[in-house]
Every structure is written in structure tokens, then in C-alpha cells.
Amino acid sequence: MSTVTAPTTGTASAAEQIAAIEAHAAHNYHPLEVVIARGEGAWVTDVDGRRYLDCLAAYSAVNFGHGHPALLAAAHEQLDRLTLTSRAFHHDRMAEFVTELAALAGKDVVVPMNTGAEAVETAIKVARKHASQVRGIAVPEIVVASGNFHGRTTTIVSFSDDALAREGYGPFTPGFVTVPYGDADALAAALTENTAAVLLESIQGEAGVVVPPPDYFARVRAVTAERGVLLIADEIQSGLARTGETFAISHDGVEPDMYLLGKALGGGIVPVSAVVGDADVLGVLTPGTHGSTFGGNPLAAAVATAVVRLLRTGEYQERSRVLGEQLHTGLHALVGHGVSAVRGRGLWAGVDIDPAVGTARDVALRLMARGVLAKDTHTRTLRLAPPLVVSADEVKWLLEQLREALEG
């Protein structure tokens, strides 16, 4: 039995806390060496009192900033009343949550869950049940894209092509066909009489904020509709105003059969996810076939309803559009000056770092020293996704810090 005493929060140094974390927390992450203690708006403060501009926003989970007053008020009010009933009983926050979220998405039915991976797993089950029950497919297949990231459960890593996520975790779940992301011809050719659904990220986040060609989703929607195949849009990172639209797929004028939502739906306060679709699709779920004790709990429903109401104003979509243009203009100006390519939409960017400058993690460490927190992916790409409450002056300052970090 360990005799190590954990440091007292608020008195221990960052180094002491990191040492305790490294000693007792599984090493399934490789975080930057900063210990955050407080957050407000687009900024966080570490245990030593140093402030940082948060340019990751918890992978879009903090789209509305740290400590948004409307979201905190919803959480505080609900904490005093009721937090959990399980789905064995109804509760008085569920009706407004599912009704208002369905309306936001232009759909009929919501399946509340907790994490993004649970939403993906739910959609896979729905697609298979729909294929079996409605279309009579005995062994359904789901078409996915190379470079995908939908989570790290056993089923999901079965169709990942990230060796790190797969190694040692087999045997894997069958039933998935992989095609190149952005190649509508390859996707169309992969559809067979056994294809139940196509599952795609509207923008591939973990792959480096990869935006598909302009006609991609329109062509995918056309061929899936023609063949009776479900189109599932994973909007867990890209959705809820991150790209300047409520849903990133809306940039292409496309409506999927199912939206997968998470991260920002919980306002950075509680984990909330959902599958949102039409009744003829999600209606294949019946009592006992799927569920979650915490899914749609009163606290989660209260916070998520407040999130939906923020999104209904259009303010955050507009902020992402306007400030995103400023961000991308500034980033493109750095191409050839330590940056080799920039991708993204709205307040979301993947910045490929010139190897002569170092790795993306090297640049993230230099940014941290300058008061900016960002995250690398796949060695050479730096991801930038500040909360949507960031100001124009803060975006300008971020670009200045990045320019200096690229210069070493």
C-alpha cells in the first residue's frame, strides 16, 4: 500500500502536484507541465498565479468560455434542487432539454448520453438496428474515413488507423469499411447492399483540423440518400458554433440523418452528449435496448438547455465567423515564416509547423512560456481553438505570441 501523501491543493507547488499526478495517475496523457487552478472567460490561471490565454478550450468543450455566468447559474440552481434520478423516472428538466435541442437541430428525437464516445457508440448501434429492422440487412457495414477520430472505446478504435490507439487492444470489432476522407468517389464506390451508414467528422479535428473539399458532403449526401444509407455527422468537436455555424456540416448545405454532439453541449461544466435525429431513425430504440444511468440527468439537462439557449441567439456563431477571419488571415500571413500550411474554419485552426522550426510540441512549449496554451497533434500540427468569448485584441495578441514562438 502506498504511503505517499498527496499535496494539499492550494499550498503545493506545481512541481509537487505534477510529481503526485505522475506517481498515481495512469500515463494515458502527456500534458504540458502547467497546473491550472482557475478559469475565467478565455483565460486560465495556474497554481503559481500565472495567466494563460486558453487556445484549446478543452477540445471545444469550453466554447463559451470558463465560468460563463448563464451556464454557472443554471448549474448552481440545479445543484440545489436535484442532480440524478436515473432514467427509471422522468425529471422536470428533461422535457425542455430534448425539445429545445431537437428544435435547434431541426430534428425530432434526442438520445442523451454523457461522453462523445458514447454518442458515437449509440449511433453505431442505431445504424445497425435500423439496417436490420428497416432494411433487412443481416450483416450491416458502416463506411468511415481514414484519419478519423471518434473516441477510444474498443469498437471505435477498431476502425481507427491510428496505430497508437490500436496496438495491443485487439481483437477488433468487424463491420467497418474505410475510405479516404474527402474522396466522394471512393466513398460512393464503397457502398454496397450491406451498407447501413456513413459515419464522418464534419471536420477532422484530431487529424489536424482537416476540412473536406467544398463539394464533398453534398455529394456524400446525394449518394447516401439515393442508396437509402444513413449519414451520421460527428459534430462533437466541430459543432455548436465552433466553425461559425451551429453545425459545421451546414457550411456545405447538408443535413445528416443523425448529429453526434458532445463537448460544448456540457458548457465545460458537466459531460453531456447526444444523438439527434428523426423519429423514423431513432425510433428503432425501444425500452431496454440502450441506456445510461447518468445520460440526460437533471444537472446535465439544465446546463445543456442553457447552452442551447445561448446558441439560439446566433451571437457565438457570429463571433466565430468574424474573429475566425481575423485568426486565419493572421495565420496565413505566417506561411513561409515557420508555418507550412493552415487549415480550418471559424475559431478553429490546424497550423502545420515547418520542421526547421521544431515540432508542434516545441512550439506549444514556447507559447506556454509566452502565456498561451495550445496543443499539438501528429508531431507537426498545432491546434488553435480559443473559447468563442475571446476578443479581437486577444486574437491579435495570440498571433503576436505565435510569431515570436516560431522565431524561437
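Mentor: Let us begin with burial, for which a cut-off is needed: a residue counts as buried under 20% relative accessible area, as exposed over 50%, and as partly exposed in between. Please keep in mind throughout that this is a predicted model.

Trainee: With that cut-off, is Val179 buried or exposed?

Mentor: Val179 has a relative accessible area of 5% and is therefore buried; this residue lies in strand 6. Leaving aside the neighbours within four places in sequence, Val179 is in contact with Val143, Val144, Ala145, Ser146, Ala186, Leu187 and Ala190. For one of these, Ala190, the separation from Val179 is eleven residues in sequence, while the C-alpha to C-alpha distance is 7.5 Å.

Trainee: How should I read the sheet, and in what order do the strands stand?

Mentor: Strands of a sheet pair through backbone hydrogen bonds, either parallel or antiparallel. Here seven strands form an open sheet in the order 4-10-9-8-7-5-6, and the pairing is mixed. Strand 4 (109–113) and strand 6 (176–179) are the edge strands, each pairing on one side only, and from one strand to the next the twist averages 20°.

Trainee: Which pairs of strands would you follow in detail?

Mentor: I would start with strand 7, which joins strand 5 through three bridges in the parallel sense and joins strand 8 through five bridges, again running parallel. As landmarks, Glu141 has Thr195 of strand 7 as its bridge partner, and Val198 stands opposite Leu231 in strand 8. Continuing along the sheet, strand 8 (residues 230–234) and strand 9 (residues 258–261) pair in the parallel sense over three bridges, with Ile232 opposite Met258 in strand 9.

Trainee: How many residues of strand 7 are buried?

Mentor: Seven of the seven residues of strand 7 are buried, so this strand is largely enclosed by the rest of the structure.

Trainee: Which strands does helix 4 lie across?

Mentor: Helix 4 (residues 116–133) lies across strand 4, strand 5 (141–145), strand 6, strand 7 (195–201), strand 8, strand 9 and strand 10, and runs at about 160° to strand 9. Helix 3 (residues 94–105), for its part, lies across strand 4, strand 9 and strand 10 (273–277), at about 120° to strand 4.

Trainee: What should I look for in the backbone of the loops?

Mentor: Most residues other than glycine have a negative phi, and most peptide bonds are trans. Against that background, Tyr59 has a phi near 55°, a positive value in a residue other than glycine, and Leu240, also not a glycine, has a positive phi of about 60°. Tyr59 lies in the loop between strand 3 (51–54) and helix 2 (69–79), and Leu240 is found in the loop between strand 8 and strand 9.

Trainee: Which peptide bond is cis?

Mentor: The bond from Gly170 to Pro171 is cis, with omega near 5°, and Pro171 lies in the loop between helix 6 (163–166) and strand 6.

Trainee: How much space lies in the second largest pocket?

Mentor: That pocket has about 400 Å³ of space. Of the 16 residues that line it, the closest to its centre are Arg87, Val111, Leu285, Thr286 and His290. Strand 4 gives the largest share of the lining, five residues, and the lining as a whole divides into eight nonpolar, seven polar and one charged.

Terms used:
Residues numbered from 1 in each chain as written. Predicted model: local features only at pLDDT ≥ 70, side-chain atom pairs only at ≥ 80, totals over all residues. Heavy atoms only, no water. Pairing = 2+ DSSP bridges. Helix = DSSP H or I, 4+ residues; strand = E, 2+ residues; numbered from the N terminus. Axes fitted to C-alpha atoms, helices over the stretch in contact; angles between N-to-C directions. Contact = heavy atoms within 4.5 Å. 1 Å grid on protein atoms, 1.4 Å probe; cavity = no way out; pocket = protein on both sides within 12 Å on 5 of 7 lines; lining within 4 Å. Points joined across faces, edges and corners; volume = space filled by probe spheres on them. Nonpolar A, V, L, I, M, F, W, Y, C, P; charged D, E, K, R; others polar. Buried < 20%, exposed > 50% of the residue type's maximum accessible area, 1.4 Å probe, protein only.
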